[in-house]
Amino acid sequence: MDFEQRLARLEALEAIRQLKHRYLNACDLKEVEVIRACFASGPITIDYGPLGCFHDRDSFIALYQSLAYHPRVRD
């Protein structure tokens, strides 16, 4: 692996870490629009195991809002 490939790999890993941080922080703060922005628009697959498989970010956000977007839920 040459230097450019290694650098690109490290940059991609850091971008993934930053995205994960943004997503989890937004979940903790219940920032729905930030959560939505963490996922691509259009057809995607979000597999949440027993909670379901979603093929667009809005259906996933609807689940988040119904289960976790309440004052009684503490993250």
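**Figure 1. Lys 30 in the loop between helix 1 and helix 2.** In this predicted model, Lys 30 counts as buried at 17% relative accessibility, where buried means under 20% relative accessible area, exposed over 50%, and partly exposed in between (1.4 Å probe, protein chains only). Lys 30 lies in the loop that separates helix 1 (3–29) from helix 2 (32–37). Helices (H or I, at least four residues) and strands (E, at least two) are DSSP runs, numbered from the N terminus. The phi of Lys 30, which follows helix 1, is positive, near 60°. The side chain of Lys 30 reaches the backbone oxygen of Ala 68 at 3.1 Å. Residues are numbered from 1 along each chain as its sequence is written. As the model is predicted, local features need pLDDT of at least 70 and side-chain atom pairs count only at pLDDT 80 or more, whereas totals for chains, interfaces and linings use all residues; side-chain values use heavy atoms, with hydrogens and water left out.

**Figure 2. Helix 1 and its buried residues.** The 27 residues of helix 1 should span 39 Å at 1.5 Å a residue, and the separation of its end C-alpha atoms, 39 Å, agrees with this. The expected span is 1.5 Å times one less than the number of residues in the helix. Tyr 23, Ala 26 and Cys 27 are buried in helix 1. The buried residues of this helix pack against helix 2 and helix 3, contact meaning heavy atoms within 4.5 Å.

Figure 3. The closest N and O atoms of Glu 14 and Arg 17 are 3.7 Å apart, and the two residues form a salt bridge. A salt bridge is a side-chain nitrogen of Lys or Arg within 4 Å of a carboxyl oxygen of Asp or Glu. By this rule the count comes to 3 salt bridges. Glu 14 and Arg 17 are 3 residues apart in helix 1, and are therefore separated by about one helical turn. An α-helix has 3.6 residues a turn, so residues three or four places apart point the same way. Glu 14 counts as partly exposed, at 38% relative accessibility.

Figure 4. Within helix 2, the side chains of Glu 33 and Arg 36 are 3 residues apart, about one helical turn, and they meet in a salt bridge at 3.1 Å, N to O. Glu 33 is exposed, with a relative accessible area of 52%, whereas Arg 36 counts as buried at 17%. Arg 36 also forms a salt bridge with Asp 58, their closest N and O atoms being 2.3 Å apart. This pair links distant parts of the chain, with Asp 58 in helix 3 (residues 57–67) and Arg 36 in helix 2, 22 residues apart. Asp 58 is partly exposed, its relative accessible area being 44%. Through shared partners, these salt bridges join Glu 33, Arg 36 and Asp 58 into one network.

Figure 5. A search of the whole structure finds 0 disulfides, a disulfide being a pair of cysteine sulfur atoms within 2.5 Å. The sulfur of Cys 27 lies 7.8 Å from the closest cysteine sulfur, that of Cys 38, which is too far for a bond. For Cys 53, which is in no disulfide, the nearest cysteine sulfur is that of Cys 27, 18 Å away. Cys 27 is buried, with a relative accessible area of 11%; Cys 53 counts as partly exposed at 40% relative accessibility.

**Figure 6. Arg 72 in the context of the chain.** Arg 72 is placed in the segment after helix 3 and is exposed, with a relative accessible area of 65%. The C-alpha atoms of Arg 72 and Leu 19 are separated by 26 Å, the residues being 53 apart along the chain. The protein has 3 helices and 2 strands, which follow the pattern α-α-β-β-α along the sequence. Its radius of gyration, taken over C-alpha atoms, is 15 Å, well over the 11 Å that the globule rule gives for 75 residues, so the protein is more spread out than a compact globule. The globule rule is 2.2 Å times the number of residues to the power 0.38. Taken along the principal axes, the C-alpha atoms fill a box of roughly 50 × 25 × 20 Å. Buried residues make up 21% of the 75 residues.

Conventions: A polar contact is a pair of N or O atoms within 3.5 Å; within protein, one must be able to donate a hydrogen and the other to accept it, and residues adjacent in sequence count only if both atoms are side-chain atoms.
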